[in-house]
Amino acid sequence: MALFGKGKGKHETTETETEGTPPAPAELAFSPEKAEKFFDFARTRYETGNYGYAMQLWLNGLSQDPGNMDALRGFLDAAGAQQAEGKKGKGEIKDVAKGLNGKGALLKYQSALLDWSQAIADPGKALKATEVAGSLGVTDVAKYIGRVALNAAKAEKKQSKDRYVKLFEIFAKSGVYDLASEAGDIARRMDPGDGDLDRRVKSMMAQAAISTGGFDDNGGPGGFRRNIRDAEKQTQLEAADRISKTEDVKDRLLAEAEAEYEDRPGDAPTITKLGRALMDRGKSDDVKRAIMVYNKAHKELGEFRFRQASGDAMIVLMRRKLRALRAKLEKAPESDELKAELAATENSLLETEIKELRLRVENYPTDLGLKFELGKRMFLSKEWEAAIEQFQLAQEDAKNRRAVLNMMAQCFLRLGGWEDAAVSTFRQALEGIVDTGSELSLELNYGLMCALLDKASVSRDLAAAEEADRLASQIAMKKFNYRDVKDRREQIKTLLADIRG
């Protein structure tokens, strides 16, 4: 685990020539128990592909347990998945930032992690995140990110003494003495004549040796041995760093996980470790092997999370096939055979996602977000009534309520004969919107306009047609080329003339 929890909020400091590890601000109170609830929800959102919300949940959990290394890696996995899907837009990241629950130093910590996650290889952003983590006293996190910052600096084409001096100073301030020594040593070799820097670096190396040896443990029981274990643990964490991992390291970690699995095939943490190592290396055979491992674990241990992981791995393979087919179709756009195969694969993926989400809804009946995700997939497969059932349950989730109502209204609209229900549901979704020019407001008003047009067409309702006309005009005034609003307005005008005539 991280520093928090082991020291129960208290952190050791050692006076040196440079600042030691700063203690966490006294007014901050943490709760790993509350944090774990956020982390559980984050895992579920990540597994259902809601990466932006998963990022937000990981960060909000970290405000209660800032030094949790597993949570940090979970957050980075979600950020990486979000970017892999092409969701780098500032709008989504702003939404994540708006939902952060931290205040003061904790909000600064969350924001620094979020900023860094969008540019992992940027040494400046990594260094900022290191500094903020160090200010909270979460040295494990500071060291983890600091290693990324140092590696990024080493990879720069233009090497700068000033860059390494900055790294040296912030690492020292954050209590990451070994990294400070490494950065300082590079800086002084760039300028052997800087006697002051040489003296400071030698002092830091001495401090690093003391800290690593555990001699500053004030004689506490097991101090030296404990620090050796911590150093070994940190080495493992750094080796497992998904950002800077080479293929050789991935192969080695997988081999180690396989060896542990052979010794303890029924141990849940060992199974989890092997599954992650297989998915991390990510070759097709690795993913297939992970599916087999997870299915076997689910059958023998009865834990649904392994069945869930198996489903996620299966979806990974299907999405890869889909991307490959799309790439082929781009090169041969006239191929009817490829078009048919692509359509079949898309349908198969959608069916699989629905099947997997049904299982998760059954096993996590209180998770309204899962119901929303299932409803969305049912909407895509044109199962309107089934989708409405899920949306009606999911609308109790305040965070997704407006989006749920929007999609539920779309379902009513497509069912036919439910125009009044569609109108009413769109109106509910519009309640409380202040910015009438926002994209969400335009989308909901456009939906309401369409519902009113359908209602007017079916029942010859003049009031509905007139309101639809007003909405079409308002939308066009705010965004003249919004969707097909100009054509819709002409259609409404024709209907009005017919009803009045």
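The following dialogue explains how several descriptions of this predicted model are reached.

Colleague: What makes Asp140 count as buried or exposed?

Modeller: Buried means under 20% relative accessible area, exposed means over 50%, and partly exposed lies in between (1.4 Å probe, protein chains only). Asp140 has a relative accessible area of 19%, so Asp140 is buried. Asp140 lies in helix α8, residues 139-155.

Colleague: Into which class does Ala97 fall?

Modeller: The relative accessibility of Ala97 is 35%, and therefore Ala97 counts as partly exposed. Ala97 is placed in helix α5, residues 90-98. Between the C-alpha atoms of Ala97 and Gln110, which are 13 residues apart along the chain, the separation is 8.5 Å.

Colleague: Why is Gln390 called buried, and which residues is Gln390 in contact with?

Modeller: Gln390 has 13% relative accessibility, so it counts as buried. Gln390 is in helix α19. Contact means heavy atoms within 4.5 Å. Leaving aside neighbours within four places in sequence, Gln390 is in contact with Val361, Lys371, Leu374, Gly375 and Met378.

Colleague: What is remarked about the phi of Lys382, and is Lys382 buried or exposed?

Modeller: Lys382 is not a glycine, yet its phi is positive, about 65°. Most residues other than glycine have a negative phi. Lys382 is found in the loop between α18 (368-380) and α19 (384-394). With 61% relative accessibility, Lys382 counts as exposed. Arg483 also is not a glycine and has a positive phi, of about 45°; Arg483 lies in the loop between α23 (462-478) and α24 (485-500).

Colleague: Why are α23 and α24 described as roughly antiparallel?

Modeller: Two packed helices are described by the angle between their axes and the distance between the axes. Axes are lines fitted to C-alpha atoms, for helices over the stretch in contact, and angles run from 0 to 180 degrees between N-to-C directions. Angles under 35 degrees count as roughly parallel, over 145 as roughly antiparallel, 65 to 115 as roughly perpendicular and the rest as oblique. α23 and α24 pack at about 155°, with their axes 9 Å apart; they are therefore roughly antiparallel to each other. Among the residues making the contact are Leu462 and Ala465 of α23 and Val485 and Arg489 of α24. By class, this contact of α23 with α24 has nine nonpolar, one polar and five charged residues. Here Ala, Val, Leu, Ile, Met, Phe, Trp, Tyr, Cys and Pro count as nonpolar, Asp, Glu, Lys and Arg as charged, and the others, Gly among them, as polar.

Colleague: How do you know whether α8 and α10 are roughly parallel or antiparallel?

Modeller: α8 and helix α10 (residues 177-190) pack at an angle of about 15°, with their axes 10 Å apart. The two helices are therefore roughly parallel to each other. In this contact, Lys143, Gly146, Arg147, Leu150 and Lys154 in α8 meet Asp178, Leu179, Glu182, Ala183 and Ile186 in α10. The residues divide into four nonpolar, one polar and five charged.

Colleague: What span should helix α21 have, and how far apart are its end C-alpha atoms?

Modeller: The expected span of a helix is 1.5 Å times one less than its number of residues. For the 12 residues of α21 (residues 419-430) this should give 16 Å, and the end C-alpha atoms are 17 Å apart, which agrees. The buried residues of α21, including Val423 and Phe426, pack against α20 (401-415) and α22 (439-459). After α21 comes Gly432, with a positive phi near 90°.

Colleague: What makes α3 a mostly covered helix?

Modeller: In α3, 12 of its 12 residues are buried; Tyr51 and Trp58 are among them.

Note on methods. Residues numbered from 1 in each chain as written. Predicted model: local features only at pLDDT ≥ 70, side-chain atom pairs only at ≥ 80, totals over all residues. Heavy atoms only, no water. Helix = DSSP H or I, 4+ residues; strand = E, 2+ residues; numbered from the N terminus.
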